[in-house]
Amino acid sequence: MELEEAKEKIVEVLTKKAKTKSKFYFNDLSKILDLKPREAKKLVTKLIETEVLEYWSSGSTTMYGLKGMGKQASAEHED
Amino acid sequence: MAKHETPLLDQLESGPWPSFVSDMKQEAAARAKNEKNVEYQIPQDVVEDLLGVLELSYADGTTHWKHGGIVGVFGYGGGVIGRYCDQPETFPGVAHFHTMRVAQPAGKFYKTDYLKKLCDLWGFRGSGLTNMHGSTGDIILLGTTTPQLEEIFYELTHNFNQDLGGSGSNLRTPADCIGQARCEYACYDTQDLCHTLTEEYQDELHRPAFPYKFKFKFDGCPNCCVASIARSDMSFIGTWKDDIRIDQDAVKGYVNGDFPPNAGAHAGRDWGPFDIQKEVIDLCPTECMRYEDGKLEINNKECTRCMHCINVMPRALRPGKETGCSILVGAKAPILDGAQMGSLLVPFVEVNKEDGYAAIKEVIEAIWDWWMEEGKNRERLGELMKRQGFQRLLEVTGIKPVAQHVQEPRTNPYIFWKEDEVEGGWDRDINEFRKTHLR
Ligand code: HEM
Ligand code: HEM
Ligand code: SF4
Ligand code: SF4
């Protein structure tokens, strides 16, 4: 899969869900891409590098979100 | 005069042990005095506010830290853990109080000038409080603000030859025992294996894509000084295949009281004269030793490499010469489902520097492929093993079931054979069978 295609798919799904959810597990992303985890990781890493996505971490668990979306509030289940 | 009254914390200082409260007060006072004229990059009274918010938590019985955050250094998914205080007006010094994890050197070897430099950097750009070391092994730098993160990262990577460690859903900073650098029990070079795998798996360390955390720990022998068997998803424990080496003269030396047992440890009390029967032979968990007519014998086939006899008589007994390691998997802390110790997966594997540890990497990567695909969010390897079964783990790693996989008869889940795994299969003629067995 090309990076552009991956970007489109992910941005589309994440934007659609943005009202209820701003953080996603890596698994959710590989399901969106319909790729094996190792393949998905290469693309997701590029999306981080190009600042389409960003990491969110609780310390023990890492999640992904669209850059700039879902501030601290959603981590605390307030929105 | 302290900024906040802390009567509940003060009480913690009254016990006989060193107190973290005293340490924090000392750092708070040093920052207030600032004898070295440091241009502090985060609030000078950060430690006072930390004491204040902790006192508040003791008083009202609830935490005042929010959970997690979008902080980190560019491109890294781990190594920085965002912490924000929910009482920023009362405690502005700790409004941001992020933790940084710094990968400790293999075996935790430092020079004092390195430690001094590190503390200077952290006093300048952080709270000055450290935790040496966290349970993953990292150097933990406690408390700084977001703008300082990239600055500290730049310093660490450019001037300290140092990297951030792991946090979140990635490979955590691998940790090892001091190994062959200082310890004659070490059955393989823990530092080289730990360092090599850390370099090899940089992507897994810094770019989290696992279902949850994953830890490697390396112990040179079954004494397990880094407690790999209890604290890591994959633990590499040094062991040997051949016989324990016995120096019979030295055994006699211990019996005659020429050498103190346990290399002189536990000497704080008079235990009476050394009794080899009581202190060694009778304590061997597999009862595979005897001492008769001044001669020590070990039935090595039964020995489980528990290290007890070797620890008691280190001059007389040594691990064998054909050394390698065992790989155990699935240990974890009790968050879900109870605590678990590692289960033995590979009884013995050569630890071969020459081929870049190919045999070990093969096991690691097979396990990751399985867990990344099948693991649920926040499911540790040990939980996946329980859910899908040890047999599935054997299938995905291509490891044959052996007697060592069975803890004791009828306690582990049974290994079920498939027809194609058994020579000749078990095809039967159903008509023949029905002649003697009615439906
Ligand atoms: C009642 C208070 C707290 C509770 C119940 C709590 C609970 C937890 C739990 C369950 C984990 C996950 C550990 C794991 O997955 O192995 C964790 C991780 C962590 N907590 Fe807390 N926590 C508390 C307070 C704090 C505070 C006050 C801080 C720092 C200001 C903090 C910093 C961390 C960090 C840095 C981690 C990540 C550790 C790791 O993944 O190894 N926690 N906490
Ligand atoms: C010399 C004859 C037999 C011996 C030595 C024997 C031995 C055993 C053993 C060692 C177990 C496993 C116990 C455990 O899980 O700890 C067992 C289980 C069992 N045996 Fe026998 N057994 C014999 C005959 C029979 C017969 C004739 C029957 C029924 C017709 C029977 C029915 C069962 C059942 C139902 C179980 C439980 C199986 C399970 O829960 O998975 N056994 N037996
Ligand atoms: S685990 Fe074994 S080899 Fe490593 S330091 Fe401890 S006793 Fe020595
Ligand atoms: S290492 Fe442990 S099991 Fe082996 S002979 Fe010594 S005491 Fe017995």
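In chain B, strand β5 and strand β6 (residues 216-219) run parallel and are joined by two bridges. Two strands pair if DSSP finds at least two bridges between them. One contact to look for is B:A175, whose bridge partner in β6(B) is B:K217.

This is a predicted model, so a word on ground rules: local features need pLDDT of at least 70, side-chain atom pairs count only at pLDDT 80 or more, and totals for chains, interfaces and linings use all residues. Residues are numbered from 1 along each chain as its sequence is written, chains are lettered from A and ligands numbered from 1 in the order in which they are written, and side-chain values use heavy atoms, with hydrogens and water left out.

Back to β5(B). It belongs to an open sheet of five strands in chain B, ordered β5-β6-β7-β12-β13, with mixed pairing. Which strands stand at the edges? They are β5 (175-176) and β13 (343-349) of chain B, each with a single partner strand, so one side of each has no neighbour in the sheet. In general, strands of a sheet pair through backbone hydrogen bonds, either parallel or antiparallel.

**Two hairpins**

Chain A has a hairpin made of β1(A) and β2(A), with four residues between them, and A:G59 in the turn has a positive phi of about 110°. Strand β1 (residues 53-57) and β2 of chain A are antiparallel and share five bridges; across from A:W56 you'll find A:M63 in β2(A). Strand β2 (residues 62-66) of chain A is mostly covered, as five of its five residues are buried. Buried means under 20% relative accessible area, exposed means over 50%, and partly exposed is in between (1.4 Å probe, protein chains only).

Chain B has a hairpin too, formed by β3(B) and β4(B) with six residues between them; in its turn, B:G137 has a positive phi of about 110°. Strand β3 (residues 129-132) and strand β4 (residues 139-142) of chain B pair antiparallel over four bridges, and B:N131 has B:I140 as its bridge partner in β4(B).

Most residues other than glycine have a negative phi, and most peptide bonds are trans. Still, the bond from B:M132 to B:H133 is cis, with omega near 0°, and B:H133 sits in the loop between β3 and β4 of chain B. B:N34 has a positive phi near 45°; this residue is in the loop between α2 (20-33) and α3 (46-60) of chain B, and counts as buried at 14% relative accessibility. B:M307 has a positive phi as well, near 80°. That residue lies in the loop between β10 (295-298) and α11 (308-312) of chain B and is buried, with a relative accessible area of 2%.

**Charges that pair up**

Side chains of opposite charge can pair when their charged atoms come close. Over all chains, the structure holds 26 salt bridges, where a salt bridge is a side-chain nitrogen of Lys or Arg within 4 Å of a carboxyl oxygen of Asp or Glu. Some of them are listed here.

| Salt bridge | Closest N and O atoms |
|---|---|
| A:K16 with A:E12 | 3.6 Å |
| A:K36 with B:E373 | 3.0 Å |
| B:E35 with B:K33 | 3.8 Å |

A:K16 and A:E12 are four residues apart, about one turn, in helix α1 (residues 3-16) of chain A. A:K16 is exposed at 65% relative accessible area, while A:E12 is partly exposed at 48%.

What does the pair of A:K36 and B:E373 join? A:K36 lies in the loop between α2 (26-33) and α3 (37-49) of chain A and B:E373 in helix α12 (residues 358-374) of chain B, so the pair joins two chains. A:K36 is exposed, with a relative accessible area of 52%, and B:E373 is partly exposed, with 41%.

As for the pair within chain B, B:E35 is exposed at 65% relative accessibility, and B:K33 is exposed with a relative accessible area of 63%. Elsewhere, A:R38, B:E204 and B:D369 are joined into one network by salt bridges that share partners.
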